[in-house]
Amino acid sequence: QKEVEQDPGPLSVPEGAIVSLNCTYSNSAFQYFMWYRQYSRKGPELLMYTYSSGNKEDGRFTAQVDKSSKYISLFIRDSQPSDSATYLCAMISDTGRRALTFGSGTRLQVQP
Amino acid sequence: SQTIHQWPATLVQPVGSPLSLECTVEGTSNPNLYWYRQAAGRGLQLLFYSVGIGQISSEVPQNLSASRPQDRQFILSSKKLLLSDSGFYLCAWSRPHTDTQYFGPGTRLTVL
């Protein structure tokens, strides 16, 4: 079983839709969570970083963490064609090896 | 502001040939540096990380090696490439004692 599971998609939505992207994880030591956006053939770009359960909002993006369920989400409001990319969740534990563990990424397509 | 560079952007090499990929970071001192590989449609696999000059930790045993000859320079090498070494190689940096990592543009390596 992978430490981090992420639906690979592709997820296709019309412009203006609310998008929900999700990851589940098995390691309860993960305490810090990040979302990256990766355009085709480019390096990942950090979108959101959070370390506590609950919601964190930044513009059209909201990151949600539920540590009791080992489940994190990224919501995108008013999605735009420019949001079309692969979204990677990443997490790190607060003990031992301080290296990010990534999900495999969800490919999002926003149709104009 | 900080900038991370990687070169070359694209590389096609025959099996058995040597490899040298370079990564440099500008605008920060004593960064943590990372090498990842991303296979097609898959997440990022951490290969090496470094917390200082000459300090390299290897995550996955393989025919690759890494070196950090200067504070902001990180090099990924191989003496003899395998077909399985093909992939997208990403360098990343983070500030000391922090978790958020920032990625370079990547090098796409094809081994034929």
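Author: Start with two definitions. Two strands pair if DSSP finds at least two bridges between them. Helices (H or I, at least four residues) and strands (E, at least two) are DSSP runs, numbered from the N terminus. This is a predicted model, in which local features need pLDDT of at least 70, side-chain atom pairs count only at pLDDT 80 or more, and totals for chains, interfaces and linings use all residues. Residues are numbered from 1 along each chain as written, chains are lettered from A and ligands numbered from 1 in the order written, and side-chain values use heavy atoms, without hydrogens and water.

Reader: How many strands are there in chain B?

Author: Look for helices in chain B and the count is 0. Read along the sequence, the pattern is β-β-β-β-β-β-β-β-β-β-β. The strand count of chain B is 11.

Reader: Why is chain B called as compact as a globular protein of its length?

Author: The radius of gyration is taken over C-alpha atoms, and the globule rule is 2.2 Å times the number of residues to the power 0.38. For 112 residues the rule gives 13 Å. Chain B is close to that, so it is as compact as a globular protein of that length, with a radius of gyration of 13 Å.

Reader: What is the radius of gyration of chain A?

Author: Chain A has 0 helices and 11 strands. Along its principal axes, its C-alpha trace spans about 45 × 30 × 20 Å. The globule rule gives 13 Å for 112 residues, and chain A comes close to it, so it is as compact as a globular protein of that length; its radius of gyration is 14 Å.

Reader: In β6(B), which residue is the bridge partner of B:F48?

Author: β5(B) and strand β6 (residues 55–58) of chain B pair in the antiparallel sense over 3 bridges. Their hairpin has 2 residues between the strands, and B:G54 takes a positive phi near 75° there. In β6(B), B:F48 has as its bridge partner B:S58.

Reader: And in β8(B), which residue is the bridge partner of B:L64?

Author: Strands β7 (residues 64–70) and β8 (residues 73–78) of chain B run antiparallel, joined by 5 bridges. They form a hairpin with 2 residues between them. In β8(B), B:L64 is partnered by B:S78.

Reader: How much area do chain B and chain A bury between them?

Author: Contact means heavy atoms within 4.5 Å. By that test, 18 residues of chain B are in contact with 19 residues of chain A. Buried area is the accessible area (1.4 Å probe) that two parts lose on being put together, summed over both. Carbon and sulfur atoms hold 56% of it, and the total is about 1500 Å².

Reader: Which elements give two or more residues to the side of chain B that touches chain A?

Author: Every element to be named belongs to chain B. They are β4 (32–38), β5 (44–52), β9 (87–94) and β10 (102–103).

Reader: What is the omega of the cis peptide bond that joins B:W7 and B:P8?

Author: Most residues other than glycine have a negative phi, and most peptide bonds are trans. B:P8 lies in the loop between β1 (3–7) and β2 (10–13) of chain B. The bond from B:W7 to B:P8 is cis, with omega about 0°.

Reader: Where is A:R41 found?

Author: A:R41 is a residue other than glycine, yet its phi is positive, near 65°. Its place is in chain A, in the loop between β4 (30–38) and β5 (45–50).
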